[in-house]
Amino acid sequence: MKRVIFFSVIDILIVALICTATIFISRTQDTLRLNVYFGESHADTRNIAQLFYSPDGEKFSTNSVLTEVFADDVVTFGISGIDFNSYKLRLDPFNLKTDFTVSRLEVAFGEHIVFTVQGKELESYVEKTKGLKKKFKDEGIVCSSKKDNPRIYLSKSFSEKINHYNFLLGKVSYIVLIIIFGAVGCIQIIMLREKSSAKEEQSKKSRIKKRYIIPLIIAEILLALGTVLTYVVSFFEKNFGSTPIGQLLYHLHTPLDGTDISSYTGTIVKGVIILVTVILAVIILFIIFKRKGLHPGFTPLLYMISVVLIFASVHRFFVHYGVMEYYKYTHESTTLYEDRYVDGRDVSVTFPEKKRNLIYIFLESIETSFADAECGGGAAANYIPELSEIALENNCFSDGTRLNGAYHVMGATYTMGALAAQTAGVPINENLVDGDTLNGNWDSENNYLPGVWTIGDILNEEGYNQEFLIGSKGTFAGRSSYFRGHGDYRIEDYDSVREKGRLAEDYKVWWGFEDKKLFEFAKEDLMKFSAMESPFNLTLLTVDTHATGGYKCELCEDTYPDQYSNCIACTSRQVAEFIDWIKQQDFYENTTIVLCGDHLTPDSMYAEREGLNGYDRRTYTAIINPAPGVSYTGEGRQYTTLDLYPTTLAAMGVEIEGDRLGLGVNLYSDTPTLVEEYGNEYLNIELMKNSKLYKNKLLYK
């Protein structure tokens, strides 16, 4: 009994030690960064710096690069995801021809600087350069660049130095703890060994079942839970690392009918195989240990392993998704809605004598960063050349030389939130909106944010024919309920088109039907609408570029090495072809077209691989053929998807008293947007908080 108590105390201490080490190591290694200091300020210049990493030091790929936008004397790269045991680095300090000095390279874990290389010392860590002339002086590497994108190749010794500190801080300390953990476990198993004769063993069979089998089953369940959590958290970190916690919580309590899981089949199968393997391995080990009388100490060891796995997974999830910060903000209150929300029923909204038609296309996960640096994007190649041309030739509220898009705000980082933000000027406050606040019935009339007043409500009162056309099930996340309740839209979704015979009953790809068919149906419906006397609003939502990997249709080409890039490029071509078709129709002259990405891509692996995380990412935006007299000639605006609500109406020639609707601002006016007034970070924090007006007015009629 004393031995059991002794080892129980030791087990608790070791588990506590490992959990503490997990907290420390995760907080430091996740913040590993490289700071590159320049000898002069670049505050008046927008620069893009890139850090490439390659195993051979020669074949640097656009799939292995970090990109950062900076306008100062320092650029910071988050390098925790790079394996410095294998890779060499290439620094491209600027995207422009310029003279500059690299004065210092600094590697830090969070706020703790671990080593610095500066001045003439830099010479020993630079292997070669390209596209510049250089001199090593006391102030650093003095460079004169005559070409765009000068390159500095860092030697293997620099990567080795980073890896040395990374290894010491993380792996060595953790390996030591694991060795101690294993040693104590082995000693525990041996010291608690049961010694008994065969006759005694026979008489204890029934007691063994109660004493060991039931605790073993409990340990197996905990170990299975720890394994599943570890696997799931790892998957979410790699594939949805940039997804806000609010988005995950929202989809847990809203309808998921119609969700496509085909792209996750391999992931699910792999997870099941890992789980079954772990369970079988434990059973086999228990049988072996039981025969040797070692089983009494085996089950406590399983408990230790389970607790460590569960704790480590939960901790990683909390840290990665900022759960504590989210909890803090959602339990505070804001007066943002009381101060700035404008109900469309309380202001004058005046339509022109001849009402214009509206075609609004939500582009799934399309963002400006899919273009290259020349167009104002952040990708290595321009995956959306057609869309880039459309935006620059029409209205994206930029200075006319580079793409400009809308920031997506908290509560609008996923499709349903984006639909509400762009059509109602409010995001989905995830800690307030759920099945209960939506009356628990998603099929009834106007029970999704029934208190808001949307584009659909306004156009419906003006006699518009309205349709929401999507290639998936409208019930997913309550989309059908929202559009039926706010504007009496006709819902043409996957189920509807099959019921009407527009699609074979057994046809299903991806989420329902692909964008190729979406645009075919849109053309058919537009011809019907244009033959009617009333104006129309056709709202579409594409799907082929949904994470992860997208859907590769028969129109997709193999221009790029990965499927997602090819799907993005295919969407760009299809949208451009659709716009060209519209321009050839008689109704085009009196039709305004709005293109907008619903949100940024949640595929964090793709974003990291393409180097998008260092870019100022925004959703793609373009307004085509606004009403006569409506134009934008400014120097560029900062805006969010909330501003698309009044801006769309203004583009249709509608006069809005005060140029505000919802939380949005008419971008054709001089009125500052909320993000221009408050800044993006402050605005997002306020939008996460509780609001009496939101809760009492917008959630209910």
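Asp-562 is buried, with a relative accessible area of 12%; buried here means under 20% relative accessible area, exposed over 50%, and partly exposed in between, computed with a 1.4 Å probe on protein chains only. The structure is a predicted model, in which local features need pLDDT of at least 70 and side-chain atom pairs count only at pLDDT 80 or more, while totals for chains, interfaces and linings use all residues. Residues are numbered from 1 along each chain as its sequence is written, and side-chain values use heavy atoms, with hydrogens and water left out.

Asp-562 sits in the loop between strand 16 and helix 16; helices (H or I, at least four residues) and strands (E, at least two) are DSSP runs numbered from the N terminus. Beyond residues up to four places away in sequence, Asp-562 touches Tyr-606, Arg-609 and Glu-610, where contact means heavy atoms within 4.5 Å. A polar atom of the Asp-562 side chain also lies 3.4 Å from the backbone nitrogen of Tyr-564.

With a relative accessible area of 19%, His-546 is buried. Its contacts, leaving aside neighbours within four places in sequence, are Glu-364, Trp-510, Trp-511 and Tyr-564. Thr-548 has its place in the loop between strand 16 and helix 16 as well, and the peptide bond leading from Ala-547 to Thr-548 is cis, with omega near -5°. Most residues other than glycine have a negative phi, and most peptide bonds are trans.

Backbone angles also draw attention to two residues elsewhere. Leu-449 is not a glycine, yet has a positive phi of about 45°. Leu-449 is placed in the loop between helix 11 (415-424) and helix 12 (455-461) and counts as buried at 0% relative accessibility. Asp-659 likewise has a positive phi, near 60°, in a residue other than glycine. Asp-659 lies in the loop between strand 19 (655-656) and strand 20 (660-661), and at 22% relative accessibility Asp-659 counts as partly exposed.

Turning to the whole chain, there are 21 helices and 21 strands. Of the 701 residues, 56% are buried. Among contacts with a separation of 6 or more, 75% are between residues 24 or more positions apart. The largest nonpolar core has 74 residues, and Leu-449 and Leu-649 have the most contacts inside it; a nonpolar core is a set of buried Ala, Val, Leu, Ile, Met, Phe, Trp, Tyr and Cys residues joined through side-chain atoms within 4.5 Å. A second, separate core of 47 residues includes Ile-366, Leu-503, Ile-582 and Ala-607.

The structure holds 28 aromatic pairs. Rings of Phe, Tyr and Trp (its six-membered ring) pair if their centres lie within 6.5 Å, with planes under 30 degrees apart counted as stacked, over 60 as edge-to-face and the rest as tilted. Tyr-337 and Tyr-694 form an edge-to-face pair, 5.2 Å centre to centre and 75° between the planes. Because Tyr-337 lies in helix 9 (residues 336-340) and Tyr-694 in helix 21 (residues 692-698), this pair ties together parts that are 357 residues apart in sequence. Tyr-337 and Tyr-694 are both buried. Phe-519 and Phe-578 make a tilted pair, at 5.0 Å centre to centre with 40° between the planes. Phe-519 lies in helix 15 (residues 515-530) and Phe-578 in helix 16, so the pair ties together parts that are 59 residues apart in sequence. Ring pairs link Phe-519 and Phe-578 with Phe-529, Phe-536, Trp-581 and Phe-587 into a cluster.

Glu-127 lies in strand 8 (residues 126-130) and is partly exposed, with a relative accessible area of 40%. The side chains of Glu-127 and Lys-88 are joined by a polar contact of 2.8 Å; a polar contact is a pair of N or O atoms within 3.5 Å, and within protein one must be able to donate a hydrogen and the other to accept it, while residues adjacent in sequence count only if both atoms are side-chain atoms. Not counting residues up to four places away in sequence, Glu-127 touches Lys-88, Tyr-153, Leu-154 and Ser-155.
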